[in-house]
Every structure is written in C-alpha cells, then in structure tokens.
Amino acid sequence: MSNALRIGLVGCGGMGNEHLGIVRSAMTGAQLVGVCDYRADRAERMGRQHGVAYWTDFTKFLHEACLDVLHICSPTGYHAAQGIEAANAGVHVLCEKPLDLDLSRIDNLIAACDKNNVRLGCIFQRRAVRGAQEVQRAIAAGEMGRILSCSVSIKWWRSQEYYDKDDWRGTRSLDGGALANQGIHSLDQMVWMAGPVEAVEFAHLDTVSHDLEVEDFAIVVVRFTSGARGVIEATTCCKPDLSTRLEIFGTQGSAALDDAFVVRFGLDGEDRLNTLPDRGKLMGGGSDPWAISLAGHTEQIRDFYSAVIEHREPMVDGRAARVSVDLLDKIYRHASK
Ligand SMILES: NC(=O)c1ccc[n+]([C@@H]2O[C@H](COP(=O)([O-])OP(=O)(O)OC[C@H]3O[C@@H](n4cnc5c(N)ncnc54)[C@H](O)[C@@H]3O)[C@@H](O)[C@H]2O)c1
C-alpha cells in the first residue's frame with residue numbers, strides 16, 4: 001500500500017491548473033486523486049487532463065475522495081467555508097491567497113483547523129524566496145535597529161476584459177479590489193517585514209479606470225504596532241505596469257525589494273547586498289496574471305506536505321496569513337467612515 005499523501009483540489013481555473021502542474025511534476029510522495037469545480041465542464045476537463053476522478057459537489061468530493069490534503073483555488077470569498085468543511089472532514093488545508101475576505105470567517109477557519117488537528121497553510125509565494133527571507137530574518141533579529149518606515153507600491157495593469165471574463169472578479173463579496181487581490185502580496189510582505197498594523201491613518205480608495213464595485217486605485221497611510229509608519233499604493237490602472245516595490249528602513253539599515261528580488265540591503269553602514277547568497281526573484285504578474293514565477297508556489301507546496309508529515313506548522317500558517325487581511329479590514333473600515 002502506498003504511503004503517499006492523497007491530494008485533491010477545488011477550483012479548476014487558472015491557479016488550480018498551476019497547482020496541479022506542480023503537484024504532478026515536482027512532488028514526490030504525493031498522489032493527486034481528484035478535483036472539484038462547481039462547473040461540470042471545468043471539473044471534467046481538468047480531471048481528464050490529469051487522469052483523476054472529478055466532482056461538482058464539494059461535500060461529496062470531501063467524503064468520497066478520502067483526501068489527506070485539499071488545495072483551495074476557488075474564488076477568495078469561498079475559501080474559509082470550503083476550508084472549514086475540509087477541516088471538519090479531517091483534511092489538511094492549503095489555501096490560495098488571501099485566506100478569505102472576512103476576518104470572522106478566517107477566525108472560524110483557524111479554529112476549525114485547530115479543533116480537528118489539521119494544518120492550515122496559505123500561499124504567499126514571496127515569503128518562499130531566499131533573498132527576501134534573509135532580509136526578513138535580519139529585521140526580526142533587530143539588525144536593522146528600530147524600524148521607522150515600511151512602504152509598498154504595487155502599480156499593476158488589469159484590463160476591463162480581465163474583470164469581465166469571470167463573474168467573481170472585481171466583486172466585493174468574492175474578490176475585492178486592487179488591495180485584496182493584487183495588492184495583498186505586498187500587504188503580506190509588508191506585515192511580514194514590519195509586523196502588524198495598529199491603525200490606518202489615511203485611506204483614499206477610488207475606482208477610476210474600470211467599471212467595478214471595488215477599488216482599482218488606493219493610497220493608504222498606516223501606523224504599525226511598533227510605531228513605524230508606512231504608505232501603501234495599490235492600483236490596477238497603471239499601464240504599462242511599474243515594478244512592485246517594498247522599501248524599509250530602521251535606525252541601523254535599509255532594504256528595498258522589487259517583488260521578492262532584493263535591490264538594496266545595508267546594515268550598520270555596510271552593504272550587505274553582495275553578501276547575500278541569493279538575491280531572490282522577480283515574480284511577475286504586473287500586466288499578465290499568468291506570467292508569474294511558480295518557484296515560490298513549488299517551495300510552499302513542498303513545505304506544506306512536509307509540515308503535514310512532520311506534524312509542524314507550515315512556512316505560512318493561518319495565523320500568519322490572517323495579518324494581511326486584518327490590515328485590509330482596517331483599510332476598508334477607515335475608508336468607509
Ligand atoms: N498566488 C498567486 O499569485 C495567485 C494568482 C492568481 C490567483 N490566485 C488566487 O487563486 C484563487 C483562484 O483564482 P483564479 O485566477 O484561478 O480564478 P479562476 O476563475 O480562473 O478559477 C476559479 C475556479 O473556481 C471555480 N469555482 C467557483 N466557485 C466555486 C465553488 N463554490 N466551488 C467549486 N469551484 C468553484 C470556477 O468555476 C473556476 O473554475 C483566488 O483566490 C486568487 O486570489 C493566486
């Protein structure tokens with residue numbers, strides 16, 4: 001009998017396809033056993049493509065496929081509900097970013113995973129890149145001194161056709177706007193580097209270039225729990241897109257990253273950039289959501305399977321992934337005052 005982890009996936013769209021490609025080609029010790037999508041044509045196509053069974057009913061899928069791990073690649077607003085059902089069926093949950101759009105649903109998901117003793121992981125692929133990890137480690141160890149400022153800018157382009165192609169995109173309940181979908185990578189990177197945000201001091205959210213119910217342009221000023229300050233600029237109106245940047249500085253150093261690629265890093269008056277064994281990676285996605293590097297995904301999926309086998313927390317667990325949605329929640333609350 002095989003000891004391979006039994007893997008299933010819900011959400012047979014673009015990102016589901018990328019996950020399955022990684023599972024099939026790069027994961028030893030894992031056996032893909034089934035897929036699920038509420039659209040029969042998509043479930044069938046992906047099931048046939050990968051030679052596995054497919055379901056359209058999520059509850060039946062969970063009870064009939066005998067999974068160890070569920071990958072959630074459905075629209076964001078369904079993540080927590082599907083994760084809770086999986087956890088209650090004893091299945092470990094690896095969820096695409098963000099964990100959900102609603103903090104109380106995320107709290108219920110974390111509680112369900114704790115109660116059922118299953119792992120919860122979330123894909124934030126920029127955290128899986130070595131150069132960015134080196135910078136984060138130095139900051140966490142206090143080598144940058146007291147952090148004074150951490151700002152991010154994600155100036156991307158998405159066409160109206162992109163939003164119109166799938167009925168969930170650009171909706172408040174299932175997707176969110178430039179902050180929740182595209183910007184969340186930078187929001188997560190920001191709180192990973194500088195810690196949680198205590199308060200939002202200014203938030204200008206607007207919809208300027210698309211016919212949408214959510215923001216496509218946002219400028220936000222935050223105060224971190226540490227006392228540091230930061231600015232977030234997130235948009236899907238910038239054509240051609242500009243690089244995705246994080247800049248952080250403290251009393252003893254500074255760093256700048258384009259995506260997950262370190263472009264400046266200095267501590268204590270010394271240039272540390274050239275001492276990094278690996279400066280990291282540009283992840284892409286600025287204009288084309290599918291032109292992205294999958295190196296971080298591969299690393300995180302591998303880490304998650306190991307975490308399940310070794311009974312440890314994964315690289316990005318539920319509590320870590322909650323922090324960026326908490327920030328999102330604070331931004332939306334401030335903007336609606
Ligand atoms: N990490 C990244 O860089 C990255 C990139 C793209 C997307 N994502 C995330 O992946 C998720 C999916 O995005 P996508 O671009 O693949 O979307 P998509 O529209 O291409 O795919 C979503 C699929 O889910 C199916 N679906 C919808 N509701 C469902 C339900 N209730 N039950 C089962 N299936 C359902 C749809 O039919 C569709 O096939 C989103 O949360 C998104 O934020 C992450």
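1. Let's start with what sits around the ligand. By class, its shell has 12 nonpolar, 8 polar and 6 charged residues. For these classes, Ala, Val, Leu, Ile, Met, Phe, Trp, Tyr, Cys and Pro count as nonpolar, Asp, Glu, Lys and Arg as charged, and the others, Gly among them, as polar. In total, 26 residues surround the ligand, and the closest are Gly11, Gly13, Gly14, Met15 and Glu96. A residue is near a molecule or strand if its C-beta atom, placed from the backbone, lies within 6 Å of it.

2. A quick word on what you're looking at. This is a predicted model, where local features need pLDDT of at least 70, side-chain atom pairs count only at pLDDT 80 or more, and totals for chains, interfaces and linings use all residues. Residues are numbered from 1 along each chain as its sequence is written.

3. Which helix gives the most to the shell around the ligand? That's helix 1 (residues 14-26), with 3 residues. Helices (H or I, at least four residues) and strands (E, at least two) are DSSP runs, numbered from the N terminus. The shell also draws at least three residues from each of domain 1 (5-125) and domain 2 (126-292 + 301-335).

4. On to those two domains. The domain assignment gives domain 1 (5-125) and domain 2 (126-292 + 301-335); such bounds come from an automatic or database domain assignment. The C-alpha centres of domain 1 and domain 2 lie 24 Å apart. Where the two meet, 30 residues of domain 1 are in contact with 31 residues of domain 2. Being in contact here takes C-beta atoms, placed from the backbone, that lie within 7 Å.

5. What does domain 1 bring to that meeting place? Helix 1, strand 5, helix 5 and strand 6 each supply at least two residues of the side that touches domain 2. The largest share of this side, 5 residues, comes from helix 5. By class, the side of domain 1 that touches domain 2 has 19 nonpolar, 7 polar and 4 charged residues.

6. Two packed helices are described by the angle between their axes and the distance between the axes. Helix 5 (residues 103-115) and helix 11 (residues 318-335) pack at about 170 degrees, with their axes 10 Å apart. Axes are lines fitted to C-alpha atoms, for helices over the stretch in contact, and angles run from 0 to 180 degrees between N-to-C directions. Helix 5 and helix 11 are therefore roughly antiparallel to each other; angles under 35 degrees count as roughly parallel, over 145 as roughly antiparallel, 65 to 115 as roughly perpendicular and the rest as oblique. Helix 5 makes the contact with Leu103, Ile106, Leu109, Ile110 and Cys113, while helix 11 uses Gly318, Arg319, Arg322, Val325, Asp326 and Asp329. Sorted by class, this contact has 6 nonpolar, 1 polar and 4 charged residues.

7. Now for a sheet. Strands of a sheet pair through backbone hydrogen bonds, either parallel or antiparallel. Here, an open sheet of 6 strands has the order 3-2-1-4-5-6, with parallel pairing; two strands pair if DSSP finds at least two bridges between them. Strand 3 (53-55) and strand 6 (120-122) stand at the edges with a single partner strand each, so one side of each is left without a neighbour in the sheet. Neighbouring strands are turned by 25 degrees against each other on average, direction ignored. Helix 2 (residues 40-50) packs on this sheet, touching strand 2 (30-36) and strand 3, and its direction makes about 165 degrees with that of strand 3.

8. Zoom in on strand 1. Strand 1 (residues 5-10) runs parallel to strand 4 (residues 69-72), joined by 4 bridges. Ile7 stands opposite Val69 in strand 4. Helix 4 (residues 79-88) lies across strand 1, strand 4, strand 5 (92-95) and strand 6, running at about 160 degrees to strand 5.

9. Strand 10 (229-235) is worth a stop too. Strand 7 (residues 147-155) pairs with strand 10 in the parallel sense over 5 bridges, whereas strand 9 (residues 217-224) runs antiparallel to strand 10, with 7 bridges. Strand 9 and strand 10 form a hairpin with 4 residues between them, and Gly227 in the turn has a positive phi of about 105 degrees.

10. Finally, check two peptide bonds. A cis bond joins Lys97 and Pro98, with omega about -25 degrees, and Pro98 is found in the loop between strand 5 and helix 5. Another cis bond joins Lys239 and Pro240, with omega about -5 degrees.
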